[in-house]
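Here are my notes after a look through the model. Have it open while you read.

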Amino acid sequence: MGSPQATPPGPAPGGRAAGGTPRAALAELLAGNRRFVSGQPIHGHDVTAAAAAASGDQQPYAVLLGCIDSRVPLEAIFDQTFGSICVIRTGGHVLDRAVLGSIEYVVGELGVPLVMVLGHERCGAVASAVDVLRGGRSPGGALNHLVDQIAPAVTEVGVDDSRVHPLAIRRHVLRTVTALRADDLLAGPADAGRLAVVGALYDLTTGEVALLEV
């Protein structure tokens, strides 16, 4: 007879991760990423998991704001099952009122203790902003909004810097984190220690997520 199977970490169906604190939420996300990188994920996306999550109230422990890049599926790279995290994805993880309102709702109404802004290497949205600021043609349409929102990060790094693209990616993540921390409805929970807003970067080659210091 084999030994009993260990209970997998993370939130049980209908429940939040143990502790419900910013520290516990961040630890679970990063532990999931380590499982993903090592090729030993524990969560499968099957109908049994979906049914289990649907049987209880929604109690995610984190909200992730990431890029729409198809190479960065957030539930997969953090090895998370149904009901664990709320995911928002926009080009270059750009904030707008709908995104900000969604984050405010998840934090205020669902009590989520962690917001992570996840950028990634070789981001095309940041590359577009660099190109425009170097004199390239504006993309037109609503795409201009993405460029306008990313442009300050490029300017802060310096458009003529030889490493402007990778450095602007990091700078844009940190600027997004700063903007979220300053939001009226998020600042209170953050100041009280009930919420952490962190920035991170995804390595497209290794699959690893590294936290960025603000």
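Predicted model: local features only at pLDDT ≥ 70, side-chain atom pairs only at ≥ 80, totals over all residues.

1. Helices (H or I, at least four residues) and strands (E, at least two) are DSSP runs, numbered from the N terminus.

2. Numbering starts from 1 along each chain as its sequence is written, and side-chain values use heavy atoms, leaving out hydrogens and water.

3. Which residues of helix 4 are buried? They are Val 99, Ile 103, Val 106, Val 107 and Leu 110 (buried is under 20% relative accessible area, exposed over 50%, partly exposed in between; 1.4 Å probe, protein chains only). Seen down the axis of helix 4, they fall within an arc of 115 degrees, so they line one face of the helix; the arc is that of the directions from the helix axis to the C-beta atoms.

4. On the face of helix 4 turned away from that buried side sit the exposed residues Arg 97, Ala 98, Gly 108 and Glu 109.

5. Now the ends. Asp 96 caps the N-terminal end of helix 4, with a side-chain oxygen 3.1 Å from the backbone nitrogen of Ala 98. After helix 4 comes Gly 111, with a positive phi near 70 degrees.

Definitions and conventions. Polar contact = N/O pair within 3.5 Å; in protein donor to acceptor, adjacent residues only side chain to side chain.
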